[in-house]
Amino acid sequence: MKIKKHYLMQWMNLKNWGIRMKVLLYGYGLMGKKVAHQLREKDEFDLIGVVSYEFDEKAPEAMYSNLTEVQDCADVIIDFSHPNNLDDILAYAKKNKTKVVFATTGFSKEQLDKIEEASKEIAIFQSYNTSFGIQMLTKILRQVAKEFYDNGYDIEILEKHHNQKIDAPSGTAKLLYEVMEDEIQGTTPVYDRSSLHEKRKKEEIGIQALRGGTIFGEHEIMFAGLDEIIEIKHTALSKDVFVQGALAAAKALQDKEAGLFTLKTLY
């Protein structure tokens, strides 16, 4: 009996013949430790080393201060560190054809251009938020944002994070704006109205940031119309949702040769 190629490939990819993905983790702060813990628990991953410019505790795996010290070839790098480490990561990844999951926030336009250029050689996932819920939220916005806008609704984005977060607005808030920008022609982001002494323009989408306490992350999109308001909100109740999303992205990159992927394009 002839087996169709599609089903044969599915069978061959099942558990990837029992081979575990070799992972290098970049960053060993709060999020890095959570990622490391989950990697150690998963049968499909093999955490071969942790890279960090400093360690406040010893890791069970090999510890490196940068990727030039690493002799082994990883299948994927999961990055929860700092934008300053970008060049180190890309140099190793291009040399070894290693896939990369960038979950770090705060990249500059120049750095994002470097990531895009490197993606011509290797598979890269880059997102400021890896949670499944945010993935679904972007899909909702693609369906409804333009219709609200065309019917006269004003759109505002409000994000809230803990008092230790450095960048503002969050990368996720920017992502949500970009999703709506793709659907609505001519929109303009407005980050601060204190210097504006004029009424709100139709094409504006406001993006506001609040910082306080230990808020994991909240993102709310408000559609304000005549005598009614519709709000769509995502709340992260723990950082574990970002960890699970990063691991899911690593697995999704497994069969990708090259390209730049985001929450909008990977799944």
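**Helix α5 and its surroundings**

A: The buried residues of α5 pack against β7 (154–161), α6 (171–183), β10 (218–225) and β11 (228–235). Buried is under 20% relative accessible area with a 1.4 Å probe, protein chains only; contact is heavy atoms within 4.5 Å; helices (H or I, at least four residues) and strands (E, at least two) are DSSP runs numbered from the N terminus. It's a predicted model, with local features needing pLDDT of at least 70, side-chain atom pairs counting only at pLDDT 80 or more, and totals for chains, interfaces and linings using all residues. Residues are numbered from 1 along each chain as its sequence is written, and side-chain values use heavy atoms, leaving out hydrogens and water.

Q: Which residues of α5 are buried?
A: I134, Q135, L137, T138, L141, A145, F148 and Y149.

Q: And where's the kink in α5 centred?
A: On V144, with a kink of about 40°. That bend is the angle between axes fitted to the seven residues ending there and the seven starting there.

Q: What comes after α5?
A: G152 follows, and its phi is positive, near 90°.

Q: Switching topic: is E204 buried or exposed?
A: E204 counts as buried, because its relative accessibility is 7%. E204 sits in strand β9 (residues 204–211).

Q: What does the side chain of E204 make a polar contact with?
A: The side chain of R193, at 2.7 Å. A polar contact is a pair of N or O atoms within 3.5 Å; within protein, one must be able to donate a hydrogen and the other to accept it, and residues adjacent in sequence count only if both atoms are side-chain atoms.

Notes
Buried means under 20% relative accessible area, exposed over 50%, partly exposed in between (1.4 Å probe, protein chains only).
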